Amino acid sequence: MEEPVHKKTRTDDDDNVALVLYGVDDLKMVPWEKPLPKPGEVLLRMQSVGICGSDVHYWTAGRIGDFVVTSPMVMGHEASGCVVAVGDGVKNLQVGDRVAIEPGVPCRHCDHCKQGTYNLCPDMRFCATPPIHGSLAHYYCHDADFCYKLPSNVSYDHAALLEPLSVGVHACQRAGVCLGSKVLICGAGPIGLVCLLTAKACGAAHVIVTDIVEQRLEVAMAMGADQVIKVDTKDTQKLANQIREKMGGAPNMAIECTGVEASVSTAIYATRSGGVVVLVGLGAAMATIPIVNASVREVDIRGIFRYRNCYPVALEMVSSGRVPADKLDHMITHHYKLANSLEAFETAKTGRGGAIKVMIHCD
Ligand code: NAD
Ligand code: ZN
């Protein structure tokens, strides 16, 4: 019988470290066992890992909704790496391939998985969502078919950004953004900004981005927003009218990326009758919103949960230049080495230095 490939290709460098969350406010860099790829998996030498709001939330609150950190968990899910070994049966990748890692691997057997709506799989295993370990380490194993080989013109940093970008792709698809669309995007955090990039790549004619922070709106302008609005009123109907005036008509769709109740209301009031409001932002579990207004104007309110089948699209958008590399670069405000991950998390938490996307370099 042929010897498994990983045995032949293992390097002498077996030291592994990982950034592990032990509980609320208890994050440590620790030695961590170097994994071996199981059948169908690849072993990756990790490269760029972006910090997401959810990583910070698990750190500061120990939970998001029903997902509670009850045992030590490796952080990180916006990631790229280089294949250093392949498990049995892997045919799509070879040692040396540079890849983007889609962090959620579904069960593959349930109705949702079979129908392609695998992001709704009840048995999803998603990096750094308890109890599943993330990839913020020197070495990490992942299912090979959820790793996407990068063309040489896509950097490891941009490969890590394919994770939030996939959220933008899914949101724009659910909103039905197309050539000539007028789009309202509420919130200019990383998620609002990737929705902006995607909407523009879809051919949106006019995109307005709102936020309460001036610096974030400046970044939105640099990333291709047609107009921005600094939110400084609690009167959501007035704000909606202001948006319609600025746009020269009502937006066809609104993509809500704050989770803030008032912003959801604004999105509904502003959207054209017969249009769509996509709720990307996840805020309070219960909210008071103008539901009758939406109903009698046939404004569809749609949720999104992460993404499905979007990684290949996001990768094509970046490699083809439909999402320009320099625009993506505007999002990445900070770089840290793996050894300085705690400092990186501190920057992401406080937003110091105008932090938007903080990137950690593992190699
Ligand atoms: P973020 O906190 O960095 O960005 C939110 C932005 O909204 C900030 O810039 C903030 O200043 C702005 N904001 C706050 N109140 C506002 C208001 N009233 N009007 C306009 N702007 C306002 O967060 P992010 O990482 O960009 O994520 C955005 C949201 O998307 C979060 O709620 C997150 O949980 C959610 N999310 C959902 C999914 C999903 O699958 N549905 C995936 C990823 C993130
Ligand atoms: Zn499933």
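These legends accompany close-up views of a predicted model.

**View 1. Four cysteines hold the zinc ion (ligand 2)**. Here you can find the SG atoms of Cys107, Cys110, Cys113 and Cys121, which coordinate the zinc ion (ligand 2) at 2.3 to 2.4 Å. The site is tetrahedral, with angles of 104 to 116 degrees among the four donor atoms. Along the chain, these donors follow the spacing C-x2-C-x2-C-x7-C. Cys110 is buried at 18% relative accessible area, while Cys107 is partly exposed at 22%.

**View 2. Arg108 pairs with Asp143**. Their side chains form a salt bridge of 3.0 Å, N to O. Asp143 sits in strand 11 (residues 139-143) and Arg108 in the loop between strand 9 (104-105) and helix 3 (111-115), so the partners are 35 residues apart. Both are partly exposed, Asp143 at 22% relative accessible area and Arg108 at 36%.

**View 3. A salt bridge joins Glu78 and Lys357**. The two side chains meet at 2.9 Å, N to O. Because Glu78 belongs to strand 7 (residues 78-86) and Lys357 to strand 20 (residues 357-361), the pair ties together parts that are 279 residues apart in sequence. Glu78 and Lys357 are both buried. Take a look around the rest of the model, too: the structure holds nine salt bridges.

**View 4. Val228 and its contacts**. Val228 is part of strand 15 (residues 227-230) and is buried, with a relative accessible area of 19%. Leaving aside residues up to four places away in sequence, Val228 touches Val209, Leu217, Ala220, Met221 and Lys246. Glu214, 14 residues away in sequence, lies 9.5 Å from Val228, C-alpha to C-alpha.

Note on methods. Residues numbered from 1 in each chain as written. Chains lettered and ligands numbered in written order. Predicted model: local features only at pLDDT ≥ 70, side-chain atom pairs only at ≥ 80, totals over all residues. Heavy atoms only, no water. Donors = N, O, S within 2.8 Å, 3.2 Å for Na, K, Ca; no water. Tetrahedral: all angles 85-135°; square planar, octahedral: opposite > 155°, others 65-115°. Buried < 20%, exposed > 50% of the residue type's maximum accessible area, 1.4 Å probe, protein only. Helix = DSSP H or I, 4+ residues; strand = E, 2+ residues; numbered from the N terminus. Contact = heavy atoms within 4.5 Å. Salt bridge = Lys/Arg side-chain N within 4 Å of Asp/Glu carboxyl O.
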